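Good morning. Please have a look at the model on the screen, and I will go through it with you step by step.

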Amino acid sequence: MSPRRILLLTGAIVAEVAATLMLRASVADPIWIPGVVVLYAAAFFILGLTQRLGMPLGAVYATWSASGVALVAVLGVVFFGELLSIGAIIGIAVIIIGVILVESGSSDDSGTPDDAGTPDGPVAPGSGYTEVTE
Amino acid sequence: MSWVWLALSILSEVAGTLCLRASAGLQRRVWFIPVVISYTAAFLFLSRTLAAGMPLGVAYGLWAACGVALVCLLSRVIWKDSLTRRALIGIGCIVVGVILVEAG
């Protein structure tokens, strides 16, 4: 995995997890709603940037989505005092194994970016787009 | 009825994600429009699913797991995205894991 790939995936996951936790908090207090909208938009935006590097969509989406589910479950315990069932704990372990398999089994150039435009096209990655999201 | 809303939500989410891919990393601006419409629709349909009485854990688990599987399958069909056997097994684990977490 290249550092850029790790950075983009981590950014997209953090934004999504923060948005989902705020969504839960907004049930009690609507003051969180703007944060939910901004962070979900940021998550999908960064996810879109991963496609600029030609990362295979199936692998990126699986890692992003599942890491979000696992982290939200764990952080729900921390922030909202929720309890994890045995099934959920096993599920988190299975997700971690799955993410490791996906990420070790796919490389940045295993997609076919050529038919979807040049991955390092007119706008250089990291030139201001990443600033917006951070 | 909640199943119909859930199916619509999953289809919208998958469409939005495939449009992200089609936008070539947000460089083809035309694709912004279907991306935004699809994801907005996905969240609205998901909220209809919950309003129709499906528990959040079940709805979100199925939503995420079906989304991952369909995106993987369709990006393979549409763009011939190659995934190694190891990655495919990993995606299978992820689908099972997500369902376990949300249903557990």
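I start with one pair of side chains: A:Glu82 and A:Arg24 form a salt bridge, and their closest N and O atoms are 2.8 Å apart. A salt bridge here is a side-chain nitrogen of Lys or Arg within 4 Å of a carboxyl oxygen of Asp or Glu. A:Glu82 sits in the loop between α3 (57-80) and α4 of chain A, while A:Arg24 belongs to helix α1 of chain A, so this pair ties together parts that are 58 residues apart in sequence.

Before going on, a word on where this comes from. The model is predicted, so local features need pLDDT of at least 70 and side-chain atom pairs count only at pLDDT 80 or more, whereas totals for chains, interfaces and linings use all residues. Residues are numbered from 1 along each chain as its sequence is written, chains are lettered from A and ligands numbered from 1 in the order in which they are written, and side-chain values use heavy atoms, with hydrogens and water left out.

Another of them joins the side chains of A:Arg5 and A:Glu103, at 3.0 Å from N to O. This pair links distant parts of the chain, with A:Arg5 in helix α1 (residues 3-26) and A:Glu103 in helix α4 (residues 86-104) of chain A, 98 residues apart. Both A:Arg5 and A:Glu103 are buried.

In chain B, the side chains of B:Arg21 and B:Asp81 meet in a salt bridge, at 2.8 Å from N to O. Here B:Arg21 is in helix α1 of chain B and B:Asp81 in the loop between α3 and α4 of chain B, 60 residues apart. B:Arg21 and B:Asp81 are both buried.

Now the chains as a whole. Chain A has five helices and zero strands, and chain B has four helices and zero strands. Helices (H or I, at least four residues) and strands (E, at least two) are DSSP runs, numbered from the N terminus. Of the 134 residues in chain A, 47% are buried; of the 104 residues in chain B, the buried share is 48%.

Next, contacts, meaning heavy atoms within 4.5 Å. In chain A, 74% of the contacts with a separation of 6 or more are between residues 24 or more positions apart. For chain B, 66% of the contacts between residues at least 6 apart in sequence join residues at least 24 apart.

As for surface, chain A exposes about 6,200 Å², with 74% of it supplied by carbon and sulfur atoms. Chain B has an accessible surface of about 4,900 Å², and 76% of that belongs to carbon and sulfur atoms. These areas come from the Shrake-Rupley method with a 1.4 Å probe; for residues, only the protein chains shown count as cover.

Let me zoom in on chain B. B:Ala59 lies in helix α3 of chain B and counts as buried because its relative accessibility is 0%. Which residues does B:Ala59 touch, leaving aside its neighbours within four places in sequence? They are B:Leu6, B:Leu46, B:Thr49, B:Leu50 and B:Met54.

B:Ser2 lies in helix α1 of chain B, and at 12% relative accessibility it counts as buried. With neighbours within four places set aside, B:Ser2 is in contact with B:Thr49, B:Ala52 and B:Met54.

Last, the interface. Here 46 residues of chain A are in contact with 39 residues of chain B. What do the two chains bury between them? The figure is about 3,400 Å², 68% of it on carbon and sulfur atoms. Buried area is the accessible area (1.4 Å probe) that two parts lose on being put together, summed over both. Across this interface, the rule finds zero salt bridges. On the side of chain B that touches chain A, α4(B) gives the most, with 12 residues.

Conventions: Buried means under 20% relative accessible area, exposed over 50%, partly exposed in between (1.4 Å probe, protein chains only).
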